[in-house]
Amino acid sequence: MTPPSGTTRTGRILRRLLPALLVVGWLVLAATTGPYEGKLSDVATNDGQAYLPASAESVEADQAQARFDRTAETYPAVVVYERTSGITPADRAKAAADAAFAARLPHLTGPVSPVRASEDGRALQFTVPVSNRTQWVHDTVTTLRDRVHSGPGPVVHVTGLAGLFADLGAAFTSLDGTLLLVAVGLVVLVLILVYRSPTLPFLVLLAAVFAMGLAAAVVYALAKGGHLTLTGQSQGVLLVLVVGATTDYALLLVSRYQEELRRTEDAREALTTAWRAVLRPVLASGGTVVLGTLCLLLSGLNSNRSLGPVAALGILASLLAGLTFLPAVLALTGRGTFWPLRPTYGSTGRGAQGVWARVAGLVERRQRTVLAASVLLLAVGAAFVGQFRASGLALSDGFTKTTDAVAGQRVLGAHFPGGTATPVTVIARAARADAVVTAVRGVPGVAAVTRQGPEDGLVSVSAVLDVTPDGPAGERAVRRVRTAVHAVPGAHAQVGGYTAVALDTRTAGERDLKVVIPAVLAVILVILALLLRSLVAPLVLVASVVLSYAATMGVSALVFDHVLDFAGAEPWVPLLGFVFLVAFGVDYNIFLMHRVREEALRTGTRAGVTTALRTTGGVITSAGVVLAATFAALAVVPMVSMAQQAFIVAFGVLLDTFLVRSLLVPALTLRLDRLSWWPSRLASRTEPAGSAATRPDRTSPVGG
């Protein structure tokens, strides 16, 4: 039945107004949500205890410690003075005056300790117990540094946990502005090189900024309400993820739109065709990343568990902006979007004769050679994966530059017992106090033991370690303390303190590797099987990205150990590297294999592989370069873990883009031929007569 003319006319009007309405709607939404990107630091925390579940032994012990004093709520700031020629009376007077000044500061949880001299007579130190509230730690340390660094005298540093966490907070303070500028600058450069248009990069970045505002507003509300723990790490990942993902989805849509503009005279009709063509693969790829990152909900660490929803919200915001705002703007700007190189109706693209046509031809002619060489290169990199050290980092080793607190830790360790300011605490039954004290004193690495209580039937035993408390040596000492006190019958002892929190965090991180990784692989296999309607192709794709991940970690181990000279890595670094690399590696393979299947239905698998590689090569490679560039921007944060994450994801994405997706997967699919689609009907389908890989390209770079 033909609809009434009025309805038809109304429908036409609405369709023409829809792009303008969408743009206005996004502008209103951006005005509301935009400020929240700058507010994320207000709800972010880098408190180590907040990373752990409440059931962790160290958390329970520290909560019980509150019955005796407020040390569980304290980050000690240690002011250390050094004069290599020997401390003078004037140095002692300065330290005493500084200690008196510190005692009058607000936000302290107890008295300032007396000034102590080292046995070698070359250093002095006193401890200021600061409340562990992030802003109070920053304010107190800043005030102390302004005081002690003024005037002549010995070399002075403010260190301890308060100093280290103040430096950590400072590393993330400028994250929003600096990281955004670097990420945006890299994306603009890549987009200008790809499209050679001054207008298009601005529109794509506008979509990314709008998506970031939307994601930030939701994350802010959840963190403010206590529903998730936002850390500086997840804040940085959210920013680069949204910029990179939005740009990737935009590249896929815009590339298809360019092709359609050459085949369709009406620009809006071309855009509609392009949008419909990319919708399914873009939603599938975005869904893969969303579900892959949500597997982090299985993590034992609050920080990792919260990063999953944070990353998923970022991807969902990117999908929404990329599939609504950007198409609306493209509809309003038409062919002028691509000025000065506007695609004209009837013109031909570069896909059939360009570099990717030559790559496709090479893979088709030399399948075995390409396959063998690709596997060999990846295997060489993977051979070094065992050298990747992820047993943890001392907080003082976690900076890429020497901060005041890091320098102070070195001075403190050279002249005093390493754990003086950060004792290990043991909470036990009062009736077994003597046995617990004896057990702790017998532990190698314990320099001194004191006790408090009883209080409500419990005692608190403090153990000062003779090693640095925030690194692997301190954690080994805590393990020995736990073994000793857990063996005391009837003591029900629990070990807490900062070092115990760090140990429990690393233990949970190691457990996550065994739980989250299989879950991610299972989720991705299911998605690929549903999308490609096959079991063989998904197994091949997942195996290829896992091999790529192993090669990336092997190369990273060599770079971190022998080039950048890092002391090690946190256990969550390889875990997050796996989640992002596997999710995005499969993401790009979805675009390739979805197109292969589309072509295989028409011309057969062999012709479909070469056609898909020729037509998807440029856009997917550009998307990979954009994502690698945005993650590389994380290196501007002066933290070892962020630099490691930046290198792992950037290098891994490039390896996957240029080697795995461009050579290994196409060559392997050519070798498997129709078997790739088993057990679907396509696996037994006869190759169409006269099919050829070099037939004229009819469709999009992504596939219809």
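This is a conversation about how several descriptions of a predicted model follow from its computed values.

Trainee: What makes α18 oblique to α19?

Mentor: Helix α18 (residues 536-562) and helix α19 (residues 572-603) pack at an angle of about 135°, with their axes 9 Å apart. Angles over 145 degrees count as roughly antiparallel and those from 65 to 115 as roughly perpendicular, while the rest, once those under 35 are set aside as roughly parallel, are oblique; the angle of this pair therefore makes α18 oblique to α19. The crossing of α18 past α19 is right-handed.

Trainee: Which residues of α18 and α19 meet?

Mentor: On the α18 side they include L541, V545, Y549 and M553, and on the α19 side F578, L581, V582 and M593 are among them, where contact means heavy atoms within 4.5 Å.

Trainee: Why are β2 and β4 called edge strands?

Mentor: The open sheet to which they belong has 4 strands in the order β2-β3-β1-β4, with antiparallel pairing. Each of β2 (116-117) and β4 (155-159) has a single partner strand, so one side of each is left without a neighbour in the sheet.

Trainee: How do you know that β1 and β4 pair?

Mentor: Two strands pair if at least two bridges are found between them, and strand β1 (residues 74-82) and β4 are joined over 5 bridges in the antiparallel sense. In one of these bridges V80 has H157 of β4 as its partner.

Trainee: Which helices lie across β1, β3 and β4?

Mentor: Helix α5 (residues 134-148) lies across these strands and runs at about 150° to β3, and helix α14 (residues 404-415) also lies across them, running at about 105° to β4.

Trainee: What makes β5 and β8 a pair in the antiparallel sense?

Mentor: Strand β5 (residues 424-429) and β8 are linked over 3 bridges, where at least two are needed; T425, for instance, has G496 of β8 as its bridge partner. Their open sheet of 4 strands has the order β6-β7-β5-β8, with antiparallel pairing, and its edge strands, β6 (446-455) and β8 (494-496), each pair on one side only. The twist averages 20° from one strand to the next.

Terms used: Residues are numbered from 1 along each chain as its sequence is written. This is a predicted model: local features need pLDDT of at least 70, side-chain atom pairs count only at pLDDT 80 or more; totals for chains, interfaces and linings use all residues. Side-chain values use heavy atoms; hydrogens and water are left out. Helices (H or I, at least four residues) and strands (E, at least two) are DSSP runs, numbered from the N terminus. Axes are lines fitted to C-alpha atoms, for helices over the stretch in contact, and angles run from 0 to 180 degrees between N-to-C directions. A crossing is left-handed if the near helix is turned anticlockwise from the far one by less than a right angle, and right-handed if clockwise.
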